[in-house]
Amino acid sequence: MGDSDGVVSTRRRRATLLAGRAASVQPADGTSAAAGGSSDTPEVSTDIVPGQKRERSLEAVGRSTKSEKRKRSNCDISKRLSCHKTQESLLSSASGFSNYRGILNWCVVMLVLSNARLFLENLLRYGVLVDPVQVVSLFLNDPYSWPAACLVIVSNVFIMVALYTERQLSKGSFSELVGILVHYINMAILLTFPAAVVLLVPSVTPVGGAVALGTYTILFLKLYSYKDVNMWCRELSTAKAKKLVRSLSCPSAQHFSGGDHKVCYPGNLTIRDMYYFVFAPTLCYELNFPRSSKIRMSFLLRRLFEMLFFTQLSVGLTQQWMIPIIQSSMKPLKEMDLSRMTERLLRLAVPNHLLWLMFFYWFFHSSMNFTAELLRFGDRQFYSDWWNSETVKYFWQNWNIPTHKWCLRHFYKPLLRRGFSKMVSQSAVFFLSAFFHEYLVSVPLRMFRFWAFLGMMAQLPLAWFVGRFLRGNYGNAAVWISIIIGQPFAILMYVHDYYVLHYNEEIG
């Protein structure tokens, strides 16, 4: 009996081992090995093995889920325990926050609402005063002579004289002394001739004279830069510095796109190159300007629409708002004391400032980008963030980038190279700017009060005071105040005196 029991137990162990081996080679579809046709292995059911695996996997998932729940619970508890961290308030400069678009929109809404009452009062008191025909008559007082337009056409003579002089200098027909003399005579006549015409020809209107003189002033600055750059190219050629000549005259290919041809001196002395520079939105000449790849028509049309819109808006604002205030402030001029006169002139500061802002956007963004896109001119930095100016110096450096570049390149740095101090050079730059401000205001109005000149020169002590005693937001506020009641206020004083001199009988 003992032997038979041992044999039976041995067979059972063998069957169990065979069943385990069969389970290890079970097909992937869950069928048993016996179902696959193996006759050596007894028919033993193996469905319990994958079921055990599934149960174990479910148990493992349940344990992991419980552990994750415990972790999340612990995290929630830790978050409830501490709710503070080191951070700055958004309105402080240390926070690094810079998205104030909502506040800017709020300021615009408040500005519109605050001036809506004044606009309604103006309409109720004066009615609709906008008249586009009257604006055209300002330019064309004598439609058969068009003196301002004729002045602009005559400016081509000075352009051709400058080009001819440079060609003769490149050939060696003129000496450097003769060339410089011809250039200076040409530019002196360029400034005095249109001023004499505006002062002596009665049919030239103030607006037409201002446009003509502005055109001649821009042309003066351009021709001065044209003279300097070509002179520098000749100096480098004379010194036989070929590498420096190439670096100046033929910049690297990264500045050009679309297969534009690179020009080297004296190949730039052509009529096409000259007039491209005359119409380009810059005052500083280069032999090879950076060029954009193509003209974007959608961008061009948007800028054109902005130019037309802001032109009409400025005309309407001037006729409907500013002129009535000026006329009403001058009617009781004889019996008005200084305080009331100052109060009425200050009322003009807001509409004048709005006009100045619209002119800035119209000229430096819309019209200059329109011209640059049309000519594929690549450098579009016509202004920087002058509205964030914390010093007067930063404002004058960034609100008119083309003029600042010209002053820095052709006036300020040459003075430093000649041994002048920074203070003297800066004062000379402000003096030159003050001269042109007075030139563009007094000559068209045919009266000389020197308020624009004095207002510009007053920027020097103001710049020192703001830079020395005011910082941050206080300095920015001081800059804004100087913009609102500074130079624009001086221009309004010219307009006031113009009305007094020419319409005193009508308003007396």
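In this report a residue is called buried under 20% relative accessible area, exposed over 50%, and partly exposed in between, with a 1.4 Å probe and protein chains only. By that scale F431 is partly exposed, because its relative accessibility is 47%. The model is predicted: local features need pLDDT of at least 70, side-chain atom pairs count only at pLDDT 80 or more, and totals for chains, interfaces and linings use all residues. Residues are numbered from 1 along each chain as its sequence is written, and side-chain values use heavy atoms, with hydrogens and water left out.

**Aromatic pairs**

A pair of aromatic rings is described by the distance of the centres and the angle of the planes. Here, rings of Phe, Tyr and Trp (its six-membered ring) pair if their centres lie within 6.5 Å; planes under 30 degrees apart count as stacked, over 60 as edge-to-face and the rest as tilted. The count by this rule is 41 aromatic pairs. One of them is the stacked pair of W356 and F360, with 6.5 Å from centre to centre and 20° between the planes. Both residues belong to helix α12 (residues 349-375), where they stand 4 residues apart, about one turn of the helix; helices (H or I, at least four residues) and strands (E, at least two) are DSSP runs, numbered from the N terminus. W356 counts as buried because its relative accessibility is 16%, and F360 is likewise buried, at 7%.

The pair of F431 and F453 is edge-to-face, because the ring centres are 5.5 Å apart and the planes stand at 90°. This pair links distant parts of the chain, 22 residues apart: F431 lies in helix α15 (residues 422-445) and F453 in helix α16 (residues 451-457).

**Charges over rings**

A charge sits over a ring if NZ of Lys or CZ of Arg is within 6 Å of the ring centre and within 35 degrees of the ring normal. Two such contacts are tabulated here.

| Charged residue | Ring | Distance to ring centre |
|---|---|---|
| K227 | Y224 | 4.5 Å |
| R468 | F469 | 5.3 Å |

**Helix α18**

G475, N476, A478, V479, S482 and I483 are the buried residues of α18. Seen down the helix axis, they fall within an arc of 160°, so they line one face of α18; the arc is that of the directions from the helix axis to the C-beta atoms. N473 and Y474, on the other side of α18, are exposed.

**Cysteines**

With a disulfide defined as a pair of cysteine sulfur atoms within 2.5 Å, the count comes to 0 disulfides. C407 is in no disulfide, and the nearest cysteine sulfur, that of C284, lies 8.9 Å away. C407 is buried, with a relative accessible area of 14%, whereas C150 is partly exposed at 38%.

**Backbone features in loops**

The peptide bond from Y265 to P266 is cis, with omega near 5°. P266 is placed in the loop between α8 (242-249) and α9 (271-279).

Positive phi values in residues other than glycine include that of R376, near 55°, and that of R446, near 60°. R376 is found in the loop between α12 and α13 (392-398) and counts as buried at 18% relative accessibility. R446 lies in the loop between α15 and α16 and is partly exposed, with a relative accessible area of 31%.
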